[in-house]
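Here is a short report for a reader new to this structure. Look over the sequence and the model, then read on.

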Amino acid sequence: MLDLLGHPIFQYGAVAGAFLGAMASVVGVYVLLRRIVFLAIALAQIASAAVALALLAGWEPLPTALVASLAGAVGLGRLDWRGRLPVEAVLGAGYVVAGALAITFIALNPVGEARALTVLFGTLLSVPQREVVLLAAVAIVVVGIHLVFRHRFVFVSFDREAAIAQGLPARRWELLLLLTLGLAVAFAIRSAGVLVTFALLVIPALSARAVADRVDALLATAIAIGTVA
């Protein structure tokens, strides 16, 4: 086993997993605080459908997932600002439709069975070095944004009206939060698949919330748990 850990494949996988865990966990804290877990799982399913489509069409999976994830984050994130339909119902419908599309794209793929495993569980043990470097850069940017602007994100998440009253452009901060969520989901889906991505978005933040109350401690604990996981 120790010999296998010395192989570059496992090393790249471990590094990619650590960065994914840190990035998804810090974004997951705000998913938990804003009570948008349904948005996170719907977004993960949308990104997985995009990956399945890319594998069927012969496109690059990462750019396809990135476009779908960012568009989904912005579109679904605005549901509470307009429209009369229950947000939970729309998110549930989005999840079901995206799941059905993913299954359809996989079924149409000549090697659908193997592709299904890629969409569900990712390919951490086959992440190339250049993708690990790109993933590390994105993770550092996302984590950095959330650490630097954590107090504004929390303020807007907990008391949007008070934030607006104090002159904060709440919609811009919410948009930035949603874009970082979409960015994290797209990269995580490509490498780790939908199940692991959703787990990393929810479980580290939920575990950290059980032992930490302050925002700084909550973020640090979630990042630590996600990275180790």
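How many salt bridges does a search of the whole structure find? The search finds 2 salt bridges. Each is a side-chain nitrogen of Lys or Arg within 4 Å of a carboxyl oxygen of Asp or Glu.

## Ground rules

This is a predicted model, where local features need pLDDT of at least 70 and side-chain atom pairs count only at pLDDT 80 or more, while totals for chains, interfaces and linings use all residues. Residues are numbered from 1 along each chain as its sequence is written, and side-chain values use heavy atoms, with hydrogens and water left out.

Side chains of opposite charge can pair when their charged atoms come close. Helices here are DSSP runs (H or I, at least four residues), numbered from the N terminus.

Arg-150 counts as partly exposed, at 23% relative accessibility. Asp-216 is also partly exposed, at 31%. The terms have cut-offs: buried is under 20% relative accessible area, exposed is over 50%, and partly exposed is in between (1.4 Å probe, protein chains only).

Another salt bridge links the side chains of Arg-209 and Asp-213, at 3.3 Å from N to O. Arg-209 is partly exposed, with a relative accessible area of 39%. Asp-213 counts as exposed, at 68% relative accessibility.

## The aromatic cluster

The structure holds 3 aromatic pairs. Rings of Phe, Tyr and Trp (its six-membered ring) pair if their centres lie within 6.5 Å; planes under 30 degrees apart are stacked, over 60 edge-to-face, and the rest tilted. One of the pairs is Tyr-30 with Phe-153, edge-to-face, 5.5 Å centre to centre and with 70° between the planes. Tyr-30 lies in helix 2 (residues 8-33) and Phe-153 in helix 8 (residues 150-158), so the pair ties together parts that are 123 residues apart in sequence. Both Tyr-30 and Phe-153 are buried.

Phe-153 also pairs with Trp-173. That pair is edge-to-face: 5.8 Å centre to centre, 85° between the planes. Trp-173 belongs to helix 10 (residues 170-211) and Phe-153 to helix 8, so the pair ties together parts that are 20 residues apart in sequence. Phe-153 is at 1% relative accessibility. Trp-173, at 11%, counts as buried. Tyr-30, Phe-149, Phe-153 and Trp-173 form one aromatic cluster.

## Helix 3 against helix 5

Two packed helices are described by the angle between their axes and the distance between the axes. The axes of helix 3 and helix 5 (residues 87-108) come within 8 Å and cross at roughly 20°. These axes are lines fitted to C-alpha atoms over the stretch in contact, and angles run from 0 to 180 degrees between N-to-C directions. Helix 3 and helix 5 are therefore roughly parallel to each other, a term for angles under 35 degrees. Residues making the contact (heavy atoms within 4.5 Å) include Phe-38, Ala-42 and Gln-45 of helix 3 and Tyr-95, Ala-98 and Gly-99 of helix 5.

## A closer look at Gln-45

Gln-45 lies in helix 3 (residues 37-57). Is Gln-45 buried or exposed? Gln-45 counts as buried, at 13% relative accessibility. Leaving aside neighbours within four places in sequence, Gln-45 is in contact with Tyr-95, Ala-98, Gly-99 and Val-194. Gln-45 and Phe-198 are 153 residues apart in sequence, and 9.2 Å apart in space, C-alpha to C-alpha.

Notes: Helices (H or I, at least four residues) and strands (E, at least two) are DSSP runs, numbered from the N terminus. Angles under 35 degrees count as roughly parallel, over 145 as roughly antiparallel, 65 to 115 as roughly perpendicular and the rest as oblique.
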